[in-house]
Amino acid sequence: MPEGPIRILHVEDDPADRELVAATLAGDGLPVVIDCVDTAEAMAAALATADYHVILADDRLPRFDGHAAQRLAAEQAPLVPLIFVSGTLGEEVAVERLKAGAVDYVLKQRLGRLPEAVRRAIREARVRAEHARTAAEVLELNAQLEQRVRERTAQLADREEALRASEQRLQSILDHSPASIYVKDLRGHYIFANRLFVQTVGMEVDAVLGRTDHDLFPPQLADIYCRNDAAAVDAGRAVHTEEPVESPTGTRVYASAKFPLMNRDGVPYALCGISTDITERKQTEEALITARHEAERANRAKSDFLSRMSHDLRTPLNAVLGFAQLLAADGLTPEQLECVGQIQTGGRLLLDLINEVLDLSRIEAGHLSLSPEPVSIGEIVTHAASLVTPLGRERNIDIVVEASPLLERAVRADRQRLNQVLLNLLSNAIKYNRDGGRVTMSLMATESRLRVCVTDTGYGIEPDKQQLLFRPFERLGAETTAVEGTGLGLTLVRGLAEAMGGTAGFTSEVDRGSTFWVELQLCESAAERALDAPSDAPLRSATGRPATVLYIEDNLSNVKLMQRVFARRPALSLVHASDGHLGLSTARERRPDVILLDLHLPDMGGEEVLRLLWTDRDLRNIPVVVLSADATSSQQRRLLTSGARAYLTKPLDLARVLKTIDSVLSDTAIEAVD
Amino acid sequence: MPDGRWQHDLKNELGIVLGFSQVLLAELDADDPTRADVAEIHAAAQRAMLLIRQLRQQHDDGNGANGAAHPAPR
């Protein structure tokens with residue numbers, strides 16, 4: 001039973017019957033509230049405004065009947081049970097009403113059955129309502145399920161579409177890739193191949209899939225591919241390799257990246273390869289390498305050529321300078337002496353030129369041999385200044401080294417080359433100065449570098465000409481003046497400075513002068529070293545103890561020159577040998593006091609002669625002075641450590657030759673003299 | 001470095017040496033003891049000039065540096 005009163009709509013026109021029904025139900029203890037109506041309009045209005053548990057309906061009313069009431073109830077309140085309460089309802093009508101949906105019928109004469117009929121109707125209505133609710137819930141669930149199925153289906157369709165799009169995208173990328181891309185199973189059967197791959201193979205994709213390399217390629221190539229595949233699978237990672245591929249135009253080279261495809265457990269199930277045609281690149285690389293080798297070979301050849309030329313020209317220059325030196329020491333007239341002076345100047349310039357050309361070519365080829373060491377800057381600067389002081393004096397030009405604590409410092413440089421650089425800068429500063437001018441050497445330092453500045457009081461360089469300054473053979477018009485020069489000095493200064501890890505540069509002001517500088521790496525202290533200036537005093541002196549000098553030299557002009565030098569020293573006797581073997585046998589025979597050894601002999605190198613002298617117990621103690629056109633300090637060091645007592649470079653300074661011989665004879669240990 | 005330029009410069013300087021040695025030879029008496037030395041200078045300068053001509057020739061024939069054969073008899 002419902003909680004609270006049972007709401008009943010009673011369709012009845014007779015007030016007595018209304019009361020009787022109410023009384024019967026109340027009498028049975030049913031808590032009822034009854035609304036009574038007797039027209040279709042009133043019934044419709046009642047159903048529209050209230051919820052009823054049961055409808056009781058008389059079958060025959062003056063303006064209404066049971067059938068219409070039943071139809072109205074079915075329309076407006078289909079779930080509310082309807083019981084016919086009638087005095088006249090015949091069996092046939094009753095069956096008809098029950099068929100049409102009425103739950104029961106009670107004859108007015110037997111109203112005692114009504115309470116039970118109402119109770120049952122309410123119970124059954126509740127069961128029906130329960131069923132209906134359950135059915136509705138089932139329907140609802142069903143609908144929800146169907147909705148979810150629909151949504152899921154749509155989702156799957158979307159995903160399938162996305163997958164298809166992704167596959168298409170991937171396929172498109174693979175097909176337009178400039179590389180051949182392929183996948184093989186672990187037995188080597190192709191399971192994927194992109195467009196370029198099938199084009200390269202020259203088959204349809206279907207004809208490729210399922211085949212192996214041995215089906216598609218010549219056996220020796222297929223073997224290579226299979227080996228590379230196996231290497232990638234074994235390594236468990238990408239392997240990069242170059243693979244040859246046959247093509248109608250010949251063998252091409254591919255760069256292949258091959259890597260295993262792994263399942264979720266990290267077990268390889270296939271091999272993927274990406275191969276790019278690098279034939280052109282390889283050819284370009286090879287062409288570049290060949291070109292580089294060719295350029296290097298040409299550079300070497302040029303350097304060798306210049307080296308030979310330098311050596312070959314030194315021999316006649318040696319004679320020119322040597323004989324000129326002898327002439328200058330003889331009693332000539334002032335006019336004749338001037339001629340000799342011109343010859344000496346020309347000879348020295350020639351020597352500078354071939355030396356500088358050779359140095360430049362070595363710098364260009366990167367073959368300049370340097371012996372970097374800590375060099376005391378004070379020592380080298382004052383030495384260079386002292387060397388050019390006489391040159392300056394000729395034109396009343398003062399050479400000044402500015403006092404500075406930096407003079408105590410050292411730079412990392414090749415001593416001989418740095419000296420060459422400073423002499424170049426100083427001689428320029430004198431040559432392009434005014435008479436009575438001044439050349440100042442000053443130092444500046446940063447934390448790690450030291451700059452040596454050479455400042456002149458010359459005419460300066462016009463701005464538009466400054467960029468030409470370091471060009472080889474560029475003399476900015478000086479070639480038409482009396483100022484001598486090769487036009488290579490500054491090119492060489494910069495080249496040498498850079499080869500020693502430094503730089504060179506300048507500033508200039510028209511009419512005020514120029515400052516040229518070289519900047520080098522500062523370093524810790526430098527060893528002291530004595531540098532001496534040449535003097536021709538030995539040529540003039542005729543003293544000295546008697547001694548025999550063996551001269552091993554093949555060039556007769558040099559021999560003749562040396563004979564003339566020795567003619568000035570009657571105490572010295574010169575013995576000549578024209579090759580290495582002859583030199584060794586003469587040494588054994590005559591036991592000379594000193595040996596002068598040329599390094600370039602027709603039968604063996606001077607170094608070999610030196611070694612053979614050294615291995616002969618009887619000859620080992622004879623001091624050897626090496627004469628060579630090779631002025632590199634590494635060569636000097638090598639020979640001095642191989643047993644040479646002194647090393648003199650060609651063209652020979654004759655005074656120095658005699659001085660060296662004197663020193664050796666008086667058993668003074670001397671180092672390389674240059 | 002401009003090839004050939006330095007060879008030109010070499011010839012110029014050698015020309016000076018040759019010229020002054022010729023002047024001296026002309027000035028010195030036939031029996032002057034220093035004449036032999038001047039003759040040596042003159043001969044050496046001529047040898048150097050010949051060497052430079054040969055180098056120049058080689059340079060023109062085989063672009064110089066590539067024909068790195070020994071340029072002159074010793």
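Q: Where in chain A is A:Asn396 found?
A: In this predicted model, A:Asn396 is found in the loop that lies between helix H12 (377-393) and strand E14 (398-401) of chain A.

Q: And what is its phi like?
A: The phi of A:Asn396 is near 60 degrees, which is a positive value in a residue other than glycine. As background, most residues other than glycine have a negative phi.

Q: Is that residue buried or exposed?
A: A:Asn396 is exposed, because its relative accessible area is 59% and the cut-off for exposed is over 50%.

Q: What about A:Asp511, what's the phi there?
A: A:Asp511 is not a glycine either, and its phi is positive, at about 75 degrees. A:Asp511 sits in the loop between strand E18 (503-509) and strand E19 (513-523) of chain A, and with a relative accessible area of 53% A:Asp511 is exposed.

Q: Which ones are they?
A: The buried residues of H15(A) are A:Gly489, A:Leu490, A:Thr491, A:Leu492 and A:Val493, together with A:Gly495, A:Leu496 and A:Ala497.

Q: Which residue follows H15(A), and what is its phi?
A: H15(A) is followed by A:Gly501, whose phi is positive and near 80 degrees.

Q: Now the strands: how do E10 and E11 of chain A run relative to one another?
A: Strand E10 (residues 239-247) and strand E11 (residues 250-262) of chain A run antiparallel and are joined by 9 bridges. A hairpin connects E10(A) to E11(A) through 2 residues, and A:Ser247 has A:Gly250 in E11(A) as its bridge partner.

Q: How many bridges join E11(A) to E12?
A: There are 9 bridges between E11(A) and strand E12 (residues 268-277) of chain A, and these strands run antiparallel. The bridge partner of A:Pro260 in E12(A) is A:Leu271.

Q: What's in the hairpin of E11(A) and E12(A)?
A: That hairpin has 5 residues between the strands, and within the hairpin A:Gly266 takes a positive phi near 80 degrees.

Q: Let's move to the interface: how many residues of chain A are in contact with chain B?
A: On the chain A side 43 residues are in contact with 38 residues of chain B, and the area buried between the two chains is about 3,700 Å², with carbon and sulfur atoms giving 73% of that area.

Q: How many salt bridges are there across it?
A: The rule finds 2 salt bridges across the interface of chain A and chain B. Among them, A:Arg564 forms a salt bridge with B:Asp37, where the closest N and O atoms are 2.2 Å apart.

Q: Which elements of chain A give two or more residues to the side that touches chain B?
A: Those elements are helix H10 (279-329), helix H11 (334-365) and helix H17 (556-567) of chain A. The largest share comes from H10(A), which gives 18 residues.

Q: How do the residues on that side divide by type?
A: The residues of the side of chain A that touches chain B divide into 25 nonpolar, 9 polar and 9 charged.

Notes
Residues numbered from 1 in each chain as written. Chains lettered and ligands numbered in written order. Predicted model: local features only at pLDDT ≥ 70, side-chain atom pairs only at ≥ 80, totals over all residues. Heavy atoms only, no water. Helix = DSSP H or I, 4+ residues; strand = E, 2+ residues; numbered from the N terminus. Buried < 20%, exposed > 50% of the residue type's maximum accessible area, 1.4 Å probe, protein only. Pairing = 2+ DSSP bridges. Contact = heavy atoms within 4.5 Å. Buried area = accessible area lost by both parts, 1.4 Å probe. Salt bridge = Lys/Arg side-chain N within 4 Å of Asp/Glu carboxyl O. Nonpolar A, V, L, I, M, F, W, Y, C, P; charged D, E, K, R; others polar.
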